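Dear colleague,

I am handing over a structure for you to look through. Please open it first, and then read the notes that follow it.

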Amino acid sequence: MADNKLVALQAAGQVAAQIHQEVAAMIKPGLNLLEIEALANKRINEAGMKPAFPTNKFPATCCLSVNEEIVHGLPHDFELAEGDVLKVDLGVMSDGWMVDTARTHGVGQISNDAKRLLTVTEAALEAAIKVCRAGNHVGDIGAIVEQTVKAGGCAVIRDLSGHGVGRTLQEEPTIPNFGRPGTGPILKEGMVLAIEPITCLKATKIAVLSDGWTIIAQNGLATAQFEHTILVTDNEPLILTKDRTAN
């Protein structure tokens with residue numbers, strides 16, 4: 001990988017990570033979704049970068065999805081309430097190179113089931129990243145995600161997947177959150193991948209709301225999403241969207 005590409009990806013990843021850290025500190029009942037969108041725009045502009053999602057025609061900087069809303073929720077005038085589960089998904093572009101990252105937050109006191117869902121989904125992301133080594137397969141990623149989520153008593157949302165990322169927001173390969181080890185495209189050194197377990201408390205069908213973007217779980221149960229953009233190497237993958245300023 002060219003040095004300038006890696007520098008740009010790392011820079012974008014750090015801006016995205018720091019936005020997530022600031023958002024995490026803001027989460028409380030009464031927080032308006034538009035405040036999160038405003039913060040993300042401000043920090044990206046201050047860094048001299050651009051939001052990545054509008055390049056894919058999404059009409060905002062962040063996807064903000066609450067409770068049964070899974071992904072692609074549009075920022076709007078809405079105040080979070082005690083017990084809500086909020087997914088914050090954002091992309092940042094530096095020098096034409098993009099990263100994509102998401103976290104899920106509980107608002108105030110959330111149910112034990114919701115806590116379990118968040119814990120299981122984040123654990124699935126961590127397990128998936130560990131297998132993102134050159135020579136492994138896309139099926140290895142999906143298999144460990146599904147295994148981890150099922151072991152926690154939850155379900156992956158099979159209609160939604162991770163993906164490659166680079167000059168455009170969604171590139172090959174598609175990375176399902178289920179699969180069989182040793183199958184699918186082979187991971188190669190230098191690949192940049194967005195790994196994103198997307199889950200629900202129980203298996204569910206999905207639907208798209210009338211806004212044309214927001215995807216929901218038809219069973220009405222809480223959903224979760226955790227995502228990092230990583231660089232595949234021959235050894236441990238490099239997590240580009242990990243906050244490197246934290247202790």
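How many residues does helix α1 have, and how far does α1 reach from its first C-alpha to its last? Before the answer, please keep in mind that this is a predicted model, in which local features need pLDDT of at least 70 and side-chain atom pairs count only at pLDDT 80 or more, while totals for chains, interfaces and linings use all residues. Residues are numbered from 1 along each chain as its sequence is written, and side-chain values use heavy atoms, with hydrogens and water left out.

Helix α1 covers residues 3-26, has 24 residues and reaches 35 Å, close to the 34 Å expected at 1.5 Å a residue, where the expected span is 1.5 Å times one less than the number of residues. Helices (H or I, at least four residues) and strands (E, at least two) are DSSP runs, numbered from the N terminus. Among the buried residues of α1 are L9, A12, V15 and H20, where buried means under 20% relative accessible area, exposed over 50%, and partly exposed in between, with a 1.4 Å probe and protein chains only. The cover over the buried residues of α1 includes α2 (33-46) and the strands β4 (85-94), β5 (97-106) and β9 (192-195).

The axes of α1 and α2 (lines fitted to C-alpha atoms, for helices over the stretch in contact, with angles from 0 to 180 degrees between N-to-C directions) come within 10 Å and cross at roughly 150 degrees. The two helices are therefore roughly antiparallel to each other, a term used for angles over 145 degrees. In their contact (heavy atoms within 4.5 Å), α1 contributes V15, I19, E22, V23 and M26, and α2 contributes E35, I36, L39, A40, R43 and I44.

Elsewhere, K188 lies in the loop between β8 (171-175) and β9, and K188 counts as exposed because its relative accessibility is 55%. Leaving aside neighbours within four places in sequence, K188 is in contact with A134 and V232.

Some backbone details also deserve a careful look. A cis peptide bond, with omega about 0 degrees, joins E172 and P173, and P173 belongs to strand β8. N67, although not a glycine, has a positive phi of about 60 degrees; N67 sits in the loop between β2 (62-66) and β3 (69-71). H72, in the loop between β3 and β4, also has a positive phi, near 65 degrees, and H72 is partly exposed, with a relative accessible area of 26%.

Notes
Parallel < 35°, antiparallel > 145°, perpendicular 65-115°, else oblique.
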